[in-house]
Amino acid sequence: MNAAPGTPREATDRAARLLRWYPAAWRIRYDEEFTELLIADIRERPRSAARTLDIARGGIVARLADAGLAGLPVRAATAPGARDRQARAGLASLGCAAAVFLGFGAALWSQLTIGWQWAAPASGTATVATVVTSAAMLAFLALGAAAALPAACAVAVQAVRRPRRALTVPAALLITATTLLFVGGRHFGNGWPGTGGHRGLVPGGLAAFEWATSLSVSAYWAHPGALAAFPAAELAWMAVSPIALACAVAAAATLVRRTEFSPRLLAFEARLGTVACAVMAVFLAGCSCWVATGGQRSLFHAGLIDVAGVTIMALAFGIAQRAARTARLGLGFAGR
Amino acid sequence: MAGMRKGARNEPDEGKALAGFGRYAGAATLIMSSLADGVKHGYALTKDIESFAGVRISPGTLYEALARLESQGLIEAVDSDDRRRPYRLTAAGAVALKAHLDAQRRVADVGLSRLAGHWGTA
C-alpha cells in the first residue's frame, strides 16, 4: 500500500525507489547515508524532475563502473581489494564483449570459409577478408585457451578447497552450456552437405562447425515464410544455441567476478585482454573491408545482415577496449 | 595546516589530483572546501555549499563526487553510529585542494587585473 503524499513514510518509500537505480555493491556501501540525504531532499523539494534525472544518471554511471565499463580513474583505491575487484569486473565485461564480437564474427567468418569450400573467391577483398579473419580466428583460439586454462584451474582449486554455491552453480551452468553448444554444433555441422572434395582455406569440418554454432545469426528471422521451410530440429537449434551461448558467457563472467585470482594471474589476463582487443581490430578491419565493397555475387555476397553484424561487432569492440582499460587501471598498469 | 605545506613540497603533482575528475571537478572542489573546516555528512555538505557558493548539489552528483574523492584517498568516511555518515578531508586531500585553489586564484588574479586595466572595473 502506498503511503499518503507528503508524509515521512512517503519520502522514505520514494527514497527507496530512487535507490534502486544503483547497483547492489554501491547500495551496500552508501545505502543508509544516501537514503537519509534523499529523504531530507524530498522533504525540502517534494517534486523535482532534476533530482530524479540526476539520480538516474548517477545510478547508470555506478552500474557501468560496477560492470568495469566506466571505472573510476583510481590511482589509489582505499577499500581493501578494490583494485582487484575493478580488474575482475573489467575482465568479465571484456569477456562478454568479446563473446558478442565472436558470436557475430563467427557468423561472418563461416560465411566466407563455407563459400571457399565451394570455390576460391574471385574478388580481392573477399580473399583478403577470408585470410585475415582466419588468421585472427586462430589468434582468438590461442588467446582463449591461454586465458581460460589458468582461470579454470584457479576456479577449480577454489571450488574444491572451499565449495560454495556462488562458484559451483555458475561452473555447472558453464559446463552444461558449452557442452550443449559443442555437441549441437557438431551434430548440425555434420548435417551440412559439403562440397564433394573441394578444399577450402580451412578444414571443411571446422567451417561447418562454425556455420552450425552461428546458425542463429540469420536474415531468415525477417522472413517467417522462408523460415517455415526449415527442419524443426534446425529451427529449435537456432533458438536454443544463442540462449546456451548467453548462459555460457554469463556464467563465465560471474565466475571471473567471484573468483579470487592472484594479482599475477589478473595481470596476465589483462595483458591477454589488450592483445585480444588488437586482434579484434584486425578481424573487424578484414570484415569491414569485405562488407564495404559488397563482396561479390553468390557465395561471397555481403548482405544487410553482414552490415548489421559488423556494426554490432564495432560496438562490442568499443566496449571491450573500455573494459580492458578499466582492468588495466585497476591493476595500476594502464598506459604502460 | 603545517602538514599541508609539508605535503605540498613533497608531492609537487598534487595540484593535478583533481584533473582527472572532469565534470566533477567543480563539485569536488566545493565538497573539499566545505570539509576544510571539519567533518560533515551529506546533508550538511549540501547546506554548507549552498550557503557559501550559492549552488545546490543534487544527491546523485554529490555522492558520485564523494565516491571518487574517497577512492582517491582525498577524503575519508568517519566511523559513526548515526545513519548519516560524516566525511573528513585527508592530508593528501588538503594538499590537493590548496594546490587547486592556488591555481584558480592565479587565474582569478590575472582576470581581475586585466579587467581593471582595460575596463576600469575590478
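Predicted model: local features only at pLDDT ≥ 70, side-chain atom pairs only at ≥ 80, totals over all residues.
Residues are numbered from 1 along each chain as written, and chains are lettered from A in the order written. Local features need pLDDT of at least 70, side-chain atom pairs count only at pLDDT 80 or more, and totals for chains, interfaces and linings use all residues.

**Exercise 1.** Work out how α1(A) and α2(A) are oriented to each other.

Solution. Step 1: take the helices (DSSP runs of H or I, at least four residues), namely α1 (residues 8–19) and α2 (residues 24–44) of chain A. Step 2: their axes (lines fitted to C-alpha atoms over the stretch in contact, with angles from 0 to 180 degrees between N-to-C directions) come within 9 Å and cross at roughly 135°. Step 3: angles under 35 degrees count as roughly parallel, over 145 as roughly antiparallel, 65 to 115 as roughly perpendicular and the rest as oblique; α1(A) and α2(A) are therefore oblique to each other.

**Exercise 2.** Find the buried residues of α2(B) and what covers them.

Solution. Step 1: apply the burial test (20 or more other C-beta atoms within 10 Å of the residue's own, placed from the backbone). Step 2: in α2 (residues 25–35) of chain B, Ala27(B), Ala28(B), Leu30(B), Ile31(B), Met32(B), Ser34(B) and Leu35(B) are buried. Step 3: the cover includes α3 (42–53), α4 (59–71) and α5 (91–119) of chain B, along with β1 (75–77) and β2 (87–89) of chain B; strands are DSSP runs of E, at least two residues.

**Exercise 3.** Describe the side of chain B that touches chain A.

Solution. Step 1: with contact set at C-beta atoms within 7 Å, placed from the backbone, 18 residues come from chain B and 23 residues from chain A. Step 2: α4(B) gives the most to the chain B side, with 8 residues.

Conventions. Buried ≥ 20, exposed ≤ 12 C-beta atoms within 10 Å, placed from the backbone. Contact = placed C-beta atoms within 7 Å.
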